[in-house]
Each structure stands twice: as C-alpha cells, then as structure tokens.
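Visitor: Could you walk me through this structure, step by step? I am new to reading models.

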Amino acid sequence: MWIKILLVEDNPADADLLAELLELSAGVEWELVLVEFLHEAIGHLAKQPFDVVLLDLSLPDSSGLETLTRLREVAPDTAMVVMTGLDDEAIALESVRLGAQDYIVKGQITTQLLVKAIRYAIERSQTFQMLRESERRFRAIFDSSFQLTKLLTPEGIVLEVNQTALEFTGMKAQNVVGRPIWEQPIWQLSPLATEQLKEGVTQASRGEFFRIEIDLLGKSGQIITVDFSVKPVKNDTGQVLLLIAEARDISDRKRAEAEILKTLAREKELSELRAKFVTMVSHEFRTPLTTIQFSAGLLQDYSSNWSEDKKSTHFVRIQLAIKRMTELLEDILVIGKIEANTLKFKPVPLNLEKFCSQVVEDQQLNDGNQHAISFIFEGSNCEAQMDEKLLRQMLGNLLSNAIKYSPEGTPIYLHLTCRDSEAVFQIKDSGIGIPTADRERIWETFYRATNVGTISGTGLGLAIVKRAVEMHGGKLAITTQEGMGTTFTATLPLICNSSQQQD
Ligand code: ATP
Ligand code: MG
C-alpha cells in the first residue's frame, strides 16, 4: 500500500518521532511531506492530492480547531488525523465532529496505532465520499422529479422537501422542514383539506397507501387540483420508518376534462334539440297542411254550389294556414341564425307609434277579431333607431302569445311609453298565465309551459323575443299569475347603433 502523507507539525522532535514510527511499519510504503505552517499545508494541498494529513492543531500561524476547519475548506475530501496532547481529549472529540476522521494522542503513539489510525482515516474518508456521491445522485433525482415530494416522519413532520415542491409553493426549505406537513399554507384552503391530509398521514403510518384528488391553495391564491398520495416506507420487520408524500398538479387535466364534459353536454343538448325540432316541425306543419288539403278538396268538389261567402271562408282558411306556415318557417330561420350566431342587427329610423299601430292591426286581422287589442301610446318623441325586422318579430310574438293564451273576448293591450332615451313596450293579457315552476325556462327554445293544454305552439317565439331584446341592448321583464294574466315589458334604448349588437 502506497500512502502519501502530509505531516503538519512545527515541533521537529514530534515530527522525527512520527517519521521513525512510520519507518518501523511493515507492509506500508509511504511518502512523507513535512510542513511547519498552516499556510504551507494549504499550499501543498492546493497543488497535489494527499491520502492523509497528520495535523497538529497548534501551529505558529494557527491554533486550535480553526486549524482544522481552515484546512478542511481547501481539502474537504482528504482524510485527516488530528494529533493532540494528553490533556486535549475534548478538543480531539470536537475535531472528529468537525470532520477529522480520527485523532491520536501524542505520547501514546505506537507504530501499530499510527498505521491503524491512518488506514481507518483513509477508509472512512473514502466511504464518506461514496456516501456523499450517492446522496448527490439521489438528491438530483429527488429534486428534479416532476412530483412535489416530501419525506415525512410517521407523525407527519417534514424531513426533506424537493426543489419542485419549494418552487411550486414559493416556500423556503427552512420554513418547511421540521414542521407538520399540514401547517403549510398550501393546505389551508379549507379545514376539510387539512383533515383529509391528517387522515392520509395516519393511514400511511399504519402501513397503508393513501391517495386522493384534492383542491389546494396555489401560491398566488389560485385553486389547484392535485393527485396526492402518502406512501409508507417500511424496514425488514414491517415497521414504518418514513412516509413519502407526493403531489402532482392535475389542474390542467381537470380543466380539460371539465371542458370536454361541457362540450359533451352541449352536443347532447343539440341532438335533443334536433330531435325536438323534427317532432315539432312535422307536428306544426301538419295542422295547416291538413287545413289546406281539406279546404282545397271541398272547394274543388262543391264550390260550384256554394255561396261566395262560404267559398271565401275556405279561401281565408287556406291563406291563414299558409301564413302560419310562413311565420313558422321565418321563426325556424331566425332560431337557426341565433344558434349559429349569425343573426344580423340592422337599425333603421322608425316612428314607433306608427310601427306599433301597424303591428297591432296585423295581429287583429290574424285574430279574426276574437280579442279587442288596444294600443296606447304615451310620450312625445317616438322617433327611434331600431332593427325593424327584429322589432316586428318581438312585438308579433308577444302579441300572438297574448292572443293565443287568453280566452276569446278578453282584452289585450299594447302600451308604448317613450320617455327620455327609452321606449317601454308593455303587452298585457288576461289569459292563462304562466305557472311559477315554468317561468325560468319559457325563454328556452321549444320549452312550453305545463298549462298550455291543447293550444298549439312550437316554443320558439320567446327565444326570438329574448334575443331581439338583447340585440337592441334592452331589458325584458315579466309579471304573470296563473289564471289571471301576463304582462311582458321590454325596455329598449330609443337609439340603437349597430355596435350595440351583443353576442
Ligand atoms: P310559438 O313558437 O309558436 O310562439 P309558443 O307560443 O308555445 O310557440 P313561445 O312563444 O316561446 O312558444 O312561449 C313559450 C311558452 O311560454 C308558451 O308555450 C307558453 O307556455 C308560455 N307563454 C308565453 N306567453 C304567454 C302568455 N302571454 N300567457 C301564458 N303563457 C305564455
Ligand atoms: Mg308564441
């Protein structure tokens, strides 16, 4: 065995003695470099490696434990054996604590003791280096893992925390290590989260694996969802020594999942809508088509013997049926545009008073005078800028509902008030009203209240009304009582710009 020794000793007698003792050793080949000052020792160690340093702590340029610490700084991996006096046992032990591999007491040194101390020191130093290397490797894996990882005692006290976890939580290791894991801010989102964590620690300390998905508090106050687990680490007898707590941020995945679920729900809704649409269209078109077929057939077969009045009744029936189908087609088209978000908003100058009386007249004709529809106007300026087609659809649908859902002979009112910069349209009937349970949903396409009985309809009108009001940047309100009547109030700005369109 070839050993390169740096002897740091200012007392020539002690140095000679050591050299002689080494001469006497068998089976060891060595090279000895002797220096008297600490700065010389530092110089040598900086230039070349030594297997071991034999170090006297009291030198002309340094004394006590400082000699050791300064030398350790330049040669952290070199084995060191401290030489102390007879009465310096305490210093000797302290120097081992500070990183010396061994100590020998001057005056008690034999060749055997010296060689043994040198050999053990070199071995210990090598083992220590290997340990440090292995620790460095494991630390690298521990720190660079994507998971937020902590090592815990079975009681839940943090022993180690990896870099990922520190970066993620914005914490410093010294504020985490040595404290219960549940005291960390990330776990303070709710008492439930802390409780679940404690339960996880308890379960793992009994030797069982624990795993949950849980919401925690991110470092900037945002809520994050993590896949969290606590694993027990056991010794050969099955005793739990450590717990490994791991968390993986799955917020993005969760968000994507929620997005997919939303899309699926929307898809489902759309396919239900399509199904309802087909049923509705076939049903709603069949009634006027049957009327047309019936009246046309009668006219063909019997009209030669009929009076003009009777003929006219059937022609009117046919025309009304065609009108109903045209309106239905128009509604379907508008709903299609609403669904596809392609409905255009084109405001034009309108005199609201004239416009409303014309709409009322049309409706009165449609109704065949079964209800008295009164139009009341209040205000002075009714010059407006609105989308004519949408406004016609809005008022037309509200008035046709009022007609359709109230008994023959009951009055219907359209009240228009123009004040300041607003126009308020009130459509009032004394009809069947809308049950409380249905009120929220009547704006949905195809939704019809539960009290409509045999009154026919598609459930498209109010969806169009709602959108028309939105596009004008207005508000819609409803007061209704079942069996007593309904009032719809639409408040629109008198002047609407095309930029008002809301999507
Ligand atoms: P259509 O598409 O042919 O207008 P509809 O009248 O059934 O069919 P909407 O106008 O959208 O559809 O109205 C939805 C539902 O709201 C109606 O089915 C009805 O239940 C209820 N409703 C609307 N207006 C009134 C009203 N004035 N009185 C009572 N119920 C009403
Ligand atoms: Mg309607």
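**Sheets, helices and a ligand**

Guide: Let us begin with an open sheet of 5 strands, which has the order 2-1-3-4-5 and parallel pairing. Strands (E, at least two residues) and helices (H or I, at least four) are DSSP runs, numbered from the N terminus, and two strands pair if DSSP finds at least two bridges between them. This is a predicted model, where local features need pLDDT of at least 70, side-chain atom pairs count only at pLDDT 80 or more, and totals for chains, interfaces and linings use all residues. Residues are numbered from 1 along each chain as its sequence is written, chains are lettered from A and ligands numbered from 1 in the order in which they are written, and side-chain values use heavy atoms, leaving out hydrogens and water.

Visitor: What is the bridge partner of I5 in strand 3?

Guide: Strand 1 (residues 2-8) and strand 3 (residues 52-56) run parallel and are joined by 4 bridges. In strand 3, the partner of I5 is V52.

Visitor: At what angle to strand 5 does helix 4 run?

Guide: Helix 4 (residues 89-97) lies across strand 4 (79-84) and strand 5. Axes are lines fitted to C-alpha atoms, for helices over the stretch in contact (heavy atoms within 4.5 Å). Angles run from 0 to 180 degrees between N-to-C directions, and this one is about 160°.

Visitor: What is the bridge partner of L152 in strand 10?

Guide: Strand 6 (residues 148-152) runs antiparallel to strand 10 (residues 240-249), and 5 bridges join them. In strand 10, L152 has as its partner L243.

Visitor: Which backbone N or O atom lies 2.8 Å from an oxygen atom of ligand 1?

Guide: A polar contact with the ligand is a pair of N or O atoms within 3.5 Å. The side chain of N401 has an N or O atom 2.9 Å from a ligand 1 oxygen, and a backbone N or O atom of A449 is also 2.9 Å from an oxygen of ligand 1. At 2.8 Å lies a backbone atom of L460.

Visitor: Which helix gives the most residues to the shell around ligand 1?

Guide: The shell divides into 11 nonpolar, 7 polar and 4 charged residues. The elements giving two or more residues are helix 12 (388-404), helix 13 (461-471) and strand 17 (485-493). With 3 residues, the one that gives the most is helix 12.

Terms used
Polar contact = N/O pair within 3.5 Å; in protein donor to acceptor, adjacent residues only side chain to side chain. Nonpolar A, V, L, I, M, F, W, Y, C, P; charged D, E, K, R; others polar.
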